[in-house]
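Work through the exercises below with the sequence and the model open. Each task is followed by a solution in steps.

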Amino acid sequence: FSCQDFLNCVSMSPRCVGFVYRYAQEFVATAPKLPKEFAALPLEMQSLRAAKEAYETMQKATQPLTSELESPDADFDDTQVFLQHLKSNTRSASDICDALPRVFMELDETSGLFAKLLHMDERNRAICSMFSIIMLVKNRYSDFVAPQKAERQLSSSKWEDWQSFAQWVDITDEQLHAALVFLAIRGLGKMKSLAKALPNDARSPEDIVLHLMDNVARIVPSVSQLSSQMATLVQDALLASKCFSLPQLLQGENTPSQVELLKNSMSSQGEVLLKFLLLCQVGVMCGLMGARTPQGSAFMDETNSTNILAAIKFLRMAVCSSSHAVYWGYILSRGEHLGLPTDELEQIALCRLACLCRTSSSETKFLQGAWDGLSKGIRRTLMDNLLADGIQERAFVFAFLPLYFANAKANIAVGLQRALLVLVDLLEVLRFEGCAEEAGSYNIVVDLQEVAAFAKDAVNPRVFQATAAHVKLVQSGSEVQILVATKHKERVKLGTWAEDQELDMPGVLRKLERKVD
């Protein structure tokens, strides 16, 4: 157990860091005069110095809840003038873009919370999202597509489809103001420094923003400009965002269970909340490439709009249709758009896999080839999970699965087929460890982020193939995190490596089962 191990352990807890730092202060104060050069310090003193730096970093992380990082108060008159100009639709695009950070003070370039925490890219994305929604609602096509490249630019016919969506939403001036507030403050939930400073039960991005609205309103002054009804609408949209994400549906990353949760969240406000939520989530996606170009949506081009509008087409029916009809309706429409057959269960599973792999029309043959190259038993295991609804059938929902496949496809040492084989191994590990039974839920969310990173870095196919034998599962309720063992991470750059099969007897048995199959 080294000093560095001790430091790594202590750094997980702010209280422990503070305790070690205070002890270090006392130790240094009573110790003999230290060498001037830090490099000459003994390892113990280096660790104490590192503890001091960690403590100071932690102190900065808790500062957002102090008066030093409060955003300036929003001016009621300025807000009303801005909203009146939006209503008349007379201001130029540049005037609107420039006015947003002056009206929504969280976005102020110098005194807003984004600026004080040095998250300017996230600030710019928020501005881009807000600007894009205004242009969409006000039917200002040229301003909306201004940053898009000519070869990918949103067509006028597709813009008409967006206008049909805007007309369905039928947003009021008051609701538009609430949507702009939602987009202005939503990005605060991504700040790790805020997460560390808040209670453990308020760590998701939506929970962080909800906590700020309820307990530290001075940090989100734009909310104070809303009526109580509109503030409630923003809160309900944040709660709904916790259980349903439009980007996840686009990638087939969620299941009908998440659509069911969305339907349940609509019980209080019905279609009003659905329309508001979809408009806000479209706004978020409009701003994905807004870090450098906040005036217009570079992301919402012809290709991306096609997929998103297809998903919205089915989500609009969520009030009166089943969760399965909404979810699989989108998945099948995406498969048909890619030219994939959709008649049999295995073909439907492949359609969802195509979404997860972000497959384009030119890549369908490659996807089909990788799938056909798997044994019947492997395909069956994948099918069972790809088709499970998470409502009446147990489903493992892998967070970061699209990233895992993207990294695997881009890595010549891994590839899609090997990624699918390792995914099956991980599914079997999850089942052998009884994760579903412990979760007590039909919908188990599995964090695959570390494995996705490993798929990017691996240079030896055998090292990657053995991943499932070298993972640790950390489970909390219906959420499971898969961690790659440190020793196995260290093998990532090995050119050659031979697995000790005695350490992976389950893996050996699985390979035998596949051969028998």
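**Exercise 1: The chain as a whole**

Residues 24 or more positions apart account for 72% of the contacts in the protein chain with a separation of 6 or more, where contact means heavy atoms within 4.5 Å. The model is predicted: local features need pLDDT of at least 70, side-chain atom pairs count only at pLDDT 80 or more, and totals for chains, interfaces and linings use all residues. Residues are numbered from 1 along each chain as its sequence is written, and side-chain values use heavy atoms, with hydrogens and water left out.

Task: State how many helices and strands the protein chain has, and what share of its residues count as buried.

Solution. Step 1: the secondary structure comes to 28 helices and 4 strands; helices (H or I, at least four residues) and strands (E, at least two) are DSSP runs, numbered from the N terminus. Step 2: of the 517 residues, 52% count as buried. Buried means under 20% relative accessible area, exposed over 50%, and partly exposed in between (1.4 Å probe, protein chains only). Step 3: the accessible surface of the chain is about 24600 Å², and 51% of that belongs to carbon and sulfur atoms. Accessible areas come from the Shrake-Rupley method with a 1.4 Å probe; for residues, only the protein chains shown count as cover.

**Exercise 2: Helix 22 against helix 25**

Task: Describe the packing of helix 22 and helix 25, and sort the residues of their contact by type.

Solution. Step 1: two packed helices are described by the angle between their axes and the distance between the axes. Step 2: helix 22 (residues 401-410) and helix 25 (residues 449-457) pack at an angle of about 10°, with axes 8 Å apart. Helix 22 is therefore roughly parallel to helix 25. Axes are lines fitted to C-alpha atoms, for helices over the stretch in contact, and angles run from 0 to 180 degrees between N-to-C directions; angles under 35 degrees count as roughly parallel, over 145 as roughly antiparallel, 65 to 115 as roughly perpendicular and the rest as oblique. Step 3: from helix 22, Leu403, Tyr404, Asn407 and Ala408 meet Val451, Ala452, Ala453, Ala455 and Lys456 of helix 25. Step 4: the residues of this contact divide into 7 nonpolar, 1 polar and 1 charged. Ala, Val, Leu, Ile, Met, Phe, Trp, Tyr, Cys and Pro count as nonpolar, Asp, Glu, Lys and Arg as charged, and the others, Gly among them, as polar.

**Exercise 3: Single residues**

Task: Is threonine 79 buried or exposed, and which residues does it touch?

Solution. Step 1: threonine 79 is in helix 4 (residues 76-88). Step 2: threonine 79 counts as buried because its relative accessibility is 2%. Step 3: not counting residues up to four places away in sequence, threonine 79 touches Val103, His177 and Gln225.

Task: Where does leucine 118 lie, and is it buried or exposed?

Solution. Step 1: leucine 118 is in the loop between helix 6 (113-116) and helix 7. Step 2: its relative accessibility is 72%, so leucine 118 counts as exposed. Step 3: leucine 118 has a positive phi of about 60° although it is not a glycine.
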